[in-house]
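This report describes selected side-chain features of one protein chain. The sequence and the structure are shown first, and the description follows.

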Amino acid sequence: MQVTKYKDAKRYEAANHFDVSALRLQGYEASKTSTFWVGLSHYLPGGKAEKSASDFERVYMVLDGEITVTTEQGTVTLGAYDSVHIAPKEVRTVVNNGNHVCTMLVIVSNNKVAP
């Protein structure tokens with residue numbers, strides 16, 4: 001068993017994210033998970049992840065506040081306990097359009113999709 005206490009979670013820089021504080025809860029330097037990693041992101045009002053895609057699938061789950069996710073399929077605003085799956089190579093943007101901090105659990109696969 002590997003435990004990460006919130007008070008001990010380490011910050012990491014997420015590329016192309018602005019006004020977002022990210023903490024690693026599991027995976028990479030936090031634990032020995034091999035197929036996924038878990039982070040906790042705090043999006044300040046106006047905070048965003050710019051348009052990008054990844055080779056890794058991911059799930060976003062809002063724990064508090066609201067966040068707007070846009071893909072080629074459309075735009076959705078997620079509230080507390082709502083979640084969304086983002087497929088490998090799916091282009092997305094994420095933005096906090098509200099005036100409250102949005103706290104979001106981020107779960108990302110370590111398995112790259114085949115070309």
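Is Arg24 buried or exposed? With a relative accessible area of 10%, Arg24 is buried. The model discussed here is predicted.

## Salt bridges

Arg24 is joined to Glu29 by a salt bridge between their side chains, at 3.3 Å from N to O. The count of salt bridges in the model comes to 3. Another of them pairs Lys7 with Asp8, again through side chains and with an N to O distance of 3.3 Å. Lys7 is exposed, its relative accessible area being 70%, while Asp8 is partly exposed at 40%.

A further salt bridge connects Asp55 with Lys89, whose closest N and O atoms are 2.8 Å apart. This pair links distant parts of the chain, 34 residues apart: Asp55 belongs to the loop between β3 and β4, and Lys89 to the loop between β7 and β8 (92-95). Asp55 counts as partly exposed, at 24% relative accessibility. Lys89 also counts as partly exposed, at 49%.

## Nonpolar cores

The largest nonpolar core has 17 residues, of which Tyr43, Tyr60, Ile67, Val69, Val94 and Met104 touch the most other members. Two or more residues come from each of β3 (36-52), β4 (58-64), β5 (67-71), β7 (83-86) and β9 (102-109). The greatest contribution is that of β9, which gives 4 residues.

Beyond its neighbours within four places in sequence, Val69 is in contact with Tyr60, Gly74, Thr75, Val76, Leu78, Val84, Ile86, Thr93 and Val94. Another core, of 6 residues, lies apart from the largest one and includes Ala9, Leu23, Leu25 and Val38.

## The buried Asn96

Asn96 is located in the loop between β8 and β9. At 2% relative accessibility, Asn96 counts as buried, because the limit for that class is under 20%. A polar atom of the Asn96 side chain lies 3.0 Å from the backbone oxygen of Tyr43.

Which residues surround Asn96, leaving aside its neighbours within four places in sequence? Asn96 is in contact with Tyr43, Leu44, Pro45, Gly46 and Gly47, and also with Glu66, Ile67, Val101 and Cys102. Among these partners, Tyr43 and Ile67 are also among the residues that touch the most other members of the largest nonpolar core.

Technical notes
Residues numbered from 1 in each chain as written. Predicted model: local features only at pLDDT ≥ 70, side-chain atom pairs only at ≥ 80, totals over all residues. Heavy atoms only, no water. Core = buried A, V, L, I, M, F, W, Y, C linked by side-chain atoms within 4.5 Å. Buried < 20%, exposed > 50% of the residue type's maximum accessible area, 1.4 Å probe, protein only. Contact = heavy atoms within 4.5 Å. Salt bridge = Lys/Arg side-chain N within 4 Å of Asp/Glu carboxyl O. Polar contact = N/O pair within 3.5 Å; in protein donor to acceptor, adjacent residues only side chain to side chain.
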